[in-house]
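The sequence and the structure come first, and the commentary follows.

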Amino acid sequence: MNNDSAIKLNFDTACRFMAQQAFLQAIEYFERTKQGGVYTPDTMRNIAWSNFRLAEESMYKNKREDAEKRLELAEEFYREAGKAFLELKEEKRSRELIERVEMRIKDCRKRVSDVRCYREFLERRAEFEAFQKDKSRRTITESGALPVSAILEIEEKTYAD
């Protein structure tokens, strides 16, 4: 099998994994499609989408660090894909291809905005959780219900999980 056939097979396999929402596997196969260390714009966009969806999953599982990492990757790949699509648009191509490229550019811009909204949500959620933790600690301490050492022990167990 020649290199172009292998790249196409890996890209198609990655797309099938995406359709099945197996995003980690999709990323793995998209990684295999690099040509001379360079991704195609569609590959970058698909890697970004896969990372975005993995970030959503991490958010729902309350895994903030993983979600932040995935959102950062998604934004990076969407930005790079957008730049690559802009370069394609500047090349003199058919009107149909230019329209498809313009749609992908708009999608990348929208997704960068979505990523920023999710990142802001995570920041606000962390602030809220810190506020709630502090408020809870003050309430228990002021009531005299538990000594501070017991509160700290409970918090360690609660937030370690």
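Both Tyr39 and Phe77 are buried, and the model in which they are seen is a predicted one. Their ring centres lie 5.7 Å apart with the planes at 70°, so the pair counts as edge-to-face. Because Tyr39 belongs to the loop between H2 and helix H3 (41-60) whereas Phe77 belongs to helix H4 (residues 64-90), the pair ties together parts that are 38 residues apart in sequence.

**The chain as a whole**

The chain holds six helices and zero strands, so that, read from the N terminus on, its elements run α-α-α-α-α-α. Buried residues account for 31% of the 161 residues, and the accessible surface comes to about 10,900 Å², of which 51% belongs to carbon and sulfur atoms. Among contacts between residues at least 6 apart in sequence, 56% join residues at least 24 apart.

**Aromatic rings**

The chain has five aromatic pairs by the rule of ring centres within 6.5 Å. One of them is formed by Phe11 and Phe30, whose planes stand at 65° with the centres 5.5 Å apart; since an angle over 60 degrees is classed as edge-to-face, this pair is edge-to-face. Phe11 in helix H1 (residues 3-19) and Phe30 in helix H2 (residues 23-31) are 19 residues apart, and their pair links distant parts of the chain. Elsewhere, Trp49, Phe52 and Tyr118 form one aromatic cluster, and the ring of Tyr29 has the charged end of Arg32 sitting over it, 4.2 Å from the ring centre.

**The largest nonpolar core**

In soluble globular proteins, nonpolar side chains tend to be buried together. The largest nonpolar core of this chain has 28 residues, of which Phe30, Met44, Leu71, Phe77, Tyr78 and Phe85 touch the most other members. At least two residues of this core come from each of H1, H2, H3, H4 and helix H5 (95-143), and H4 gives the most, with eight residues. Leaving out residues up to four places away in sequence, Phe85 touches Pro41, Asp42, Arg45, Val101, Arg104, Ile105 and Cys108.

Thr33 is found in the loop between H2 and H3, and Ser58 has its place in helix H3. Thr33 counts as buried because its relative accessibility is 3%, under the 20% limit, and Ser58, at 6%, counts as buried as well.

| Side chain | Partner | Distance |
|---|---|---|
| Ser58 | side chain of Asp66 | 2.4 Å |

Not counting residues up to four places away in sequence, Thr33 touches Ile7, Asn10, Phe11, Val38, Tyr39 and Thr43. Among these contacts are Phe11 and Tyr39, each of which takes part in an edge-to-face pair described above. Ser58, with its neighbours within four places in sequence left aside, is in contact with Lys63, Asp66 and Ala67; Asp66 in this group is the residue whose side chain is joined to that of Ser58 by the polar contact.

Terms used. Residues are numbered from 1 along each chain as its sequence is written. This is a predicted model: local features need pLDDT of at least 70, side-chain atom pairs count only at pLDDT 80 or more; totals for chains, interfaces and linings use all residues. Side-chain values use heavy atoms; hydrogens and water are left out. Rings of Phe, Tyr and Trp (its six-membered ring) pair if their centres lie within 6.5 Å; planes under 30 degrees apart count as stacked, over 60 as edge-to-face and the rest as tilted. Helices (H or I, at least four residues) and strands (E, at least two) are DSSP runs, numbered from the N terminus. Buried means under 20% relative accessible area, exposed over 50%, partly exposed in between (1.4 Å probe, protein chains only). A charge sits over a ring if NZ of Lys or CZ of Arg is within 6 Å of the ring centre and within 35 degrees of the ring normal. A nonpolar core is a set of buried Ala, Val, Leu, Ile, Met, Phe, Trp, Tyr and Cys residues joined through side-chain atoms within 4.5 Å. Contact means heavy atoms within 4.5 Å. A polar contact is a pair of N or O atoms within 3.5 Å; within protein, one must be able to donate a hydrogen and the other to accept it, and residues adjacent in sequence count only if both atoms are side-chain atoms. Accessible areas come from the Shrake-Rupley method with a 1.4 Å probe; for residues, only the protein chains shown count as cover.
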